[in-house]
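Work through the exercises below with the sequence and the model at hand. Each task is followed by a solution in steps.

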Amino acid sequence: MCVVGSALSAAQVLATILTLWLADKSGRRLLLIVSSSAMALSLLVVSISFYLKECISPDSDLYATLSLVSVAGVVVMVIAFSLGLGAMPWIIMSEILPINIKGLAGSFATLANWFFSWLVTLTANLLLDWSSGGTFTIYTAVCVFTAGFVAIWVPETKGKTLEEIQQFFR
């Protein structure tokens with residue numbers, strides 16, 4: 001498992017580096033939409049794998065295959081997170097907030113981020129005990145909501161001045 005963890009960490013670092021390059025080429029908003037959509041798709045694969053595992057014998061070859069599919073889905077989700085949702089909100093936040101509220105608003109956003117990370121960590125085992133497939137279905141729904149939210153309410157900030165970005169909100 002240590003090899004898998006190291007490989008996942010290396011992939012995450014490479015994806016994050018790629019993200020910084022892609023942010024200037026394709027735009028922040030597109031990366032957020034692609035990232036959250038890819039996360040939703042990979043988490044859907046994980047949830048379906050868990051639902052199917054409930055219906056088959058643990059001794060079957062399909063059961064082992066579904067276990068590998070679940071792990072692959074989580075790996076894809078982590079890479080997709082690194083390609084957008086990991087870094088882009090922080091970049092957009094630095095570009096979207098006026099200087100007079102940047103410190104306070106940035107602190108509040110950081111607090112909210114850590115609070116929801118804590119909440120997910122706190123509830124993950126409870127949800128997994130309830131239903132593994134259901135847990136990942138909930139996470140899938142959150143990613144779908146995120147993609148929709150970004151598509152509707154988040155402006156593209158690449159190459160724009162603060163004044164141009166603020167026009168989006170008027």
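**Exercise 1.** Which residues are linked in a network of salt bridges in this predicted model? State for each one whether it is buried, partly exposed or exposed.

*Solution.*
Step 1. A search of the whole structure finds two salt bridges.
Step 2. One of them joins the side chains of Asp24 and Arg28, at 3.4 Å from N to O.
Step 3. The side chains of Glu95 and Arg28 also form a salt bridge, with an N to O distance of 2.7 Å. Glu95 belongs to helix α4 and Arg28 to helix α2, so this pair ties together parts that are 67 residues apart in sequence.
Step 4. Asp24, Arg28 and Glu95 are therefore linked in a network, given that a salt bridge needs a side-chain nitrogen of Lys or Arg within 4 Å of a carboxyl oxygen of Asp or Glu.
Step 5. Buried means under 20% relative accessible area and exposed means over 50%. Asp24, at 53%, is exposed. Arg28, at 7%, is buried. Glu95, at 23%, is partly exposed.

**Exercise 2.** Which elements give two or more residues to the largest nonpolar core, and what is Met39 in contact with?

*Solution.*
Step 1. The largest nonpolar core has 24 residues, and Leu32, Met39, Leu43 and Met88 have the most contacts inside it.
Step 2. Two or more residues each come from α2 (28–53), α3 (61–82), α4 (88–96) and α6 (132–153). The largest share, six residues, is that of α2.
Step 3. Leaving aside neighbours within four places in sequence, Met39 is in contact with Met77, Ala80, Phe81, Leu85 and Cys143.

**Exercise 3.** Is Ala15 buried or exposed, and which residues does Ala15 touch?

*Solution.*
Step 1. Ala15 has its place in helix α1 (residues 2–26).
Step 2. The relative accessible area of Ala15 is 5%, so Ala15 is buried.
Step 3. Not counting residues up to four places away in sequence, Ala15 touches Ile79, Ser82 and Leu83.
Step 4. From Ala15 to Phe149 the distance is 23 Å, C-alpha to C-alpha, and the two are 134 residues apart in sequence.

**Exercise 4.** Which residues does UniProt list for "transmembrane region"? Compare the model over residues 30–52 and residues 104–124.

*Solution.*
Step 1. The unreviewed UniProt entry lists residues 6–23, 30–52, 64–92, 104–124 and 136–154.
Step 2. Residues 30–52 are 100% helix and 0% strand, with end C-alpha atoms 33 Å apart.
Step 3. Residues 104–124 are 100% helix and 0% strand, and their end C-alpha atoms lie 30 Å apart.

Notes. Residues numbered from 1 in each chain as written. Predicted model: local features only at pLDDT ≥ 70, side-chain atom pairs only at ≥ 80, totals over all residues. Heavy atoms only, no water. Core = buried A, V, L, I, M, F, W, Y, C linked by side-chain atoms within 4.5 Å. Buried < 20%, exposed > 50% of the residue type's maximum accessible area, 1.4 Å probe, protein only. Helix = DSSP H or I, 4+ residues; strand = E, 2+ residues; numbered from the N terminus. Contact = heavy atoms within 4.5 Å. UniProt positions renumbered as here; feature names shortened; annotations may be inferred.
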